[in-house]
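Here are some friendly notes to read beside the model. Please keep the structure open while you go through them.

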2 protein chains.
Amino acid sequence: MIFWKNFFQNSNINASSEKNFKKLIVLDKTCDKIEFKDIYLSSNKNINLYELEQLCDSVGWVKRPLKKVKIALKNSSIIISLIQKKDANSKLVGFARATSDNGFNATIWDVVIHPDFQGLGLGKVVIHQLIQQLRQAEISTITLFAEPDVVSFYKKLGFIKDPDGVKGMFWYPR
Amino acid sequence: MIFWKNFFQNSNINASSEKNFKKLIVLDKTCDKIEFKDIYLSSNKNINLYELEQLCDSVGWVKRPLKKVKIALKNSSIIISLIQKKDANSKLVGFARATSDNGFNATIWDVVIHPDFQGLGLGKVVIHQLIQQLRQAEISTITLFAEPDVVSFYKKLGFIKDPDGVKGMFWYPR
């Protein structure tokens, strides 16, 4: 696993600025700086719905109506995407979003990295960026619901499972 | 424990209507209809912040800056409150809210019933109403984080703890 660190190509770009992309530079274990496959980080909320659908397809998620996806994105407080730019082409390779009351609590949803880009630390970059932006907005409780196979991933990023016995609970329509 | 059922005094009131209050009528175990202490259910988002603070104080919650509470309420998708109206006076006796992307997911926060009104089924009324409104908005995943002492309460209302091993996780600032 590559030890990552993200830098911004242009450090005076405001983190909440919508239209700028920030080039990711990843450090390997020896901390030699390497540019990582021309991947850019963005917090632009204007996501191409078809590209997002393709990305979700690539990890086998159930298809969702695009109309509802559009509403869900519109009502997300923060959206983070990773875009590979190569020549004139760009490809959505990572995504995550958070809902929030913008006062106290936030919940992270839909964390996805394209299989071709997994195992390279990009999931950490996305979550790290979400946390950073939520902290800038003074959100004190950042929550998520983790499938069993990613619990240890989130633990390494500082998330605590069932703190003080608090349990995540779900209600589904019958 | 009283077996409850809520009726609306005026059944043609739209559930999402902001300015109407719906009178709660509670049935006891023998199903004799009794009017319950003149309590009204409301989904009006204009909550008196000081009354809410008083209600949260009554159950020993840590004080929160009203400015942030105001922002959090503004960014909540649904707010449910229970108001006791007696003569010319009214008192906030119950509260709950949910954040949502209005497409797929919602999270319930800040469920509180005044101690003088606990054990009468009003918590169920509030959660039932939240679920009803979220279902009307076609939200399929309703989530919450339950303290250990209320896990069984939510189970009785159909919430499932850690479904398929999915874990609630929290990140706090250090």
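1. A word on conventions. This is a predicted model, in which local features need pLDDT of at least 70, side-chain atom pairs count only at pLDDT 80 or more, and totals for chains, interfaces and linings use all residues. Residues are numbered from 1 along each chain as its sequence is written, chains are lettered from A and ligands numbered from 1 in the order in which they are written, and side-chain values use heavy atoms, with hydrogens and water left out.

2. Start with the layout of chain A. It has four helices and eight strands, and along the sequence these follow the order β-β-α-α-β-β-β-α-β-α-β-β. Helices (H or I, at least four residues) and strands (E, at least two) are DSSP runs, numbered from the N terminus.

3. Next, how chain A is packed. Of its 174 residues, 52% count as buried; buried means under 20% relative accessible area, exposed over 50%, and partly exposed in between (1.4 Å probe, protein chains only). Among contacts in chain A with a separation of 6 or more, 56% come from residues 24 or more positions apart, where a contact means heavy atoms within 4.5 Å. Chain A exposes about 8800 Å², and carbon and sulfur atoms supply 50% of that area. Accessible areas come from the Shrake-Rupley method with a 1.4 Å probe; for residues, only the protein chains shown count as cover.

4. How is chain B related to chain A? A rotation of 180° with 0.0 Å of shift along its axis superposes chain B on chain A, with an RMSD of 0.0 Å. That is the relation of a two-fold axis. The same surface serves both copies, as 100% of the contact residues of chain B recur in chain A. In chain B, B:Gly168 is the residue that comes closest to the rotation axis, its C-alpha being at 2.1 Å. The superposition is by least squares on the C-alpha atoms of residues with pLDDT of at least 70 in both copies.

5. Now the salt bridges. A:Lys63 is exposed at 53% relative accessible area, while A:Asp57 is partly exposed at 35%.

6. A:Asp110 is buried at 15%, and A:Arg64 is partly exposed at 23%. Both belong to a network of salt bridges that also links A:Arg97 and B:Asp101.

7. Which pair crosses between chains? B:Lys167, in strand β8 (residues 167-171) of chain B, reaches A:Asp162, in the loop between β7 and β8 of chain A. Their salt bridge is 3.3 Å, N to O, and both residues are buried.

8. Finally, two backbone angles. Most residues other than glycine have a negative phi. A:Asp162, however, has a positive phi of about 45°, and it is buried at 13% relative accessibility. B:Glu138 also has a positive phi, near 60°. B:Glu138 sits in the loop between α3 (122-136) and β6 (141-146) of chain B and is exposed at 53%.

Key: Salt bridge = Lys/Arg side-chain N within 4 Å of Asp/Glu carboxyl O.
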